[in-house]
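Here are my notes on this one, as numbered points. Have the viewer open while you read.

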Amino acid sequence: MFNRYITAVLLAIAVVFAISSCKSRFDEYYQDSSNTKGGYLFTKLQSNPKFSIFTAGLQRASIDPFISKGGLYTVFAPTDSAFNVYFKAKGYTSVNDVPIDTLFSILSYHIVNNMWYYYDFKVRYTTSQQSLFLTRSKKFVNVDISANDTLKVNGVPIIKSLRDIGAENGVIHGIGQVLIPSPNLEQKFLTDPQLNTSTFYRLMKVCSARTYDQFNSFDKNHDGLIDSAFYTSYPFLNTVYTALEYKVNSLATDQGGDPVFTTVLMPSNAVLDPLIAPALAKISNTVTDKIAALSPVYAKGVLESYFIGNQSVSSAVLIKRPTVLASVNGSTVPALTAASFVRPDIQTSNGVIHIINTTFPISDFQKSAFGQATSDPDLTTYWLAIQKAGLLGTYGVSSRAGTYFAPTNAAFAAAGFNLTAMTLNGAPLTTTTLANLLKVHVVNSNQAATTFPNAVFSTDLSGTEQLTFDSTGTIITSPTGNTATVIFPVLSVGPSNVGYVYKINQLLIPQ
């Protein structure tokens with residue numbers, strides 16, 4: 001009995017000791033009573049003279065409120081000596097000389113979502129090997145903990161004496177170098193002279209839109225109001241993200257997003273210019289920038305084969321013929337060799353750009369009568385309406401029988417059509433009513449002009465919604481009795497006479 005009692009006591013002592021040991025290890029990173037947290041992140045930064053320039057910069061860029069209260073963040077804080085090296089390299093004398101947008105971008109890049117002590121990074125690498133961590137600016141930093149008792153961010157070692165400085169809403173790691181975020185694809189296109197003036201990027205801009213950037217909008221002049229920032233998006237180019245570097249609500253939910261990478265294979269002007277020359281020839285010589293006058297739908301058809309989504313693929317891999325580039329648009333892509341690359345491997349933070357001296361086989365959409373007609377500058381409104389109604393994929397197929405009567409820009413304007421407001425002569429349009437309006441201009445059979453005189457054709461809207469032609473075959477009467485004149489000759493014809501597109505001078509109205 002006595003021996004069992006002694007054994008129980010020793011076991012209890014061992015358990016207490018084990019718990020105490022674990023707690024001590026935990027406290028080393030989180031609850032060390034000898035190193036109280038003593039306030040929120042910004043307060044802790046202000047209290048350390050080694051970070052005086054960093055804190056002054058945070059205040060000037062209006063970032064300080066972001067880390068002054070709640071949330072959980074990790075701050076990689078450059079020391080004053082690190083900033084002095086940066087100032088000397090850039091020709092600045094103080095933090096006040098740094099352009100405010102540049103300062104905001106750089107300092108935001110030093111703040112990572114969630115609280116990551118050295119111990120947390122070490123555990124994370126043991127379990128998932130995650131190395132990219134999303135920052136306040138929605139760019140990623142690379143964290144390396146592979147060397148024993150060493151933590152690096154973008155290759156810059158954390159100063160051990162400034163590691164794991166705890167705060168109420170996060171942790172601070174001091175670093176001896178200012179981190180400079182790499183440009184993303186959009187920034188590279190804007191700043192690289194060869195890319196910025198390329199025909200390819202000018203076509204991309206035809207498909208672009210300005211999108212509000214909530215993460216990089218801030219109070220520049222300290223008047224209490226947020227000054228809006230915008231980034232360039234491409235709503236007409238599916239899965240093409242040049243300024244966006246992360247996916248929201250993706251697998252790395254604790255980080256707020258996973259990286260988004262895009263590979264751009266950009267044909268040089270020497271091979272792309274001849275490809276779009278016929279479309280440019282249709283635009284009036286009085287137009288200064290003919291590329292800007294092209295329809296976004298036409299530009300989409302030309303461009304979209306040259307983007308590889310969700311991957312950053314090097315030229316070396318592309319030369320080895322990866323599956324992703326085995327065929328494009330249903331046709332085999334000519335082999336890419338080292339000689340195919342005019343300028344390979346232009347690296348960015350969210351992808352890579354390769355300038356190539358070849359073009360790819362055109363898409364089925366471009367082959368169709370519908371796709372061929374997108375180059376006509378007189379039908380820009382029609383194509384945008386087709387896109388808005390979600391009918392582009394339905395009609396832009398070379399094997400689909402159909403005859404399309406496309407109203408001109410002037411016809412849409414005369415009918416009081418407003419695509420932005422989604423109204424027709426002041427009356428609201430839904431996506432469905434817009435689609436019905438467009439479907440009444442489509443006949444689901446291939447009709448040459450010789451079949452038009454005295455013809456009656458059912459439309460894609462319904463069998464009862466019919467188009468009636470006069471004896472000359474030039475005047476169409478809609479289901480509601482309004483008329484339009486066919487503008488001859490035929491605008492385009494699809495392969496093997498599958499698909500015809502004609503222009504008309506009035507909008508046809510369904511019942």
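Which residue in S28 is the bridge partner of Ala-406?

1. That partner is Lys-503. Strand S19 (residues 403–407) and strand S28 (residues 500–504) run parallel, joined by five bridges; pairing here takes at least two DSSP bridges between two strands. As a reminder, strands of a sheet pair through backbone hydrogen bonds, either parallel or antiparallel.

2. Before going on, a caveat: this is a predicted model, where local features need pLDDT of at least 70 and side-chain atom pairs count only at pLDDT 80 or more, while totals for chains, interfaces and linings use all residues. Residues are numbered from 1 along each chain as its sequence is written, and side-chain values use heavy atoms, leaving out hydrogens and water.

3. S19 and S28 sit in an open seven-stranded sheet, ordered S23-S19-S28-S27-S26-S25-S24, and its pairing is mixed. At the edges you'll find S23 (442–443) and S24 (456–458), each pairing on one side only.

4. Zooming out, the chain has 18 helices and 28 strands (DSSP runs numbered from the N terminus: H or I of at least four residues, E of at least two). Of its 511 residues, 46% count as buried, meaning under 20% relative accessible area with a 1.4 Å probe, protein chains only.

5. Have a look at helix H5 (residues 100–108) too. Its buried residues are Ile-100, Leu-103, Phe-104, Ile-106, Leu-107 and Ser-108. They pack against helix H3 (52–60), helix H4 (80–90) and strand S2 (111–113), with contact taken as heavy atoms within 4.5 Å.

Note on methods:
Buried < 20%, exposed > 50% of the residue type's maximum accessible area, 1.4 Å probe, protein only.
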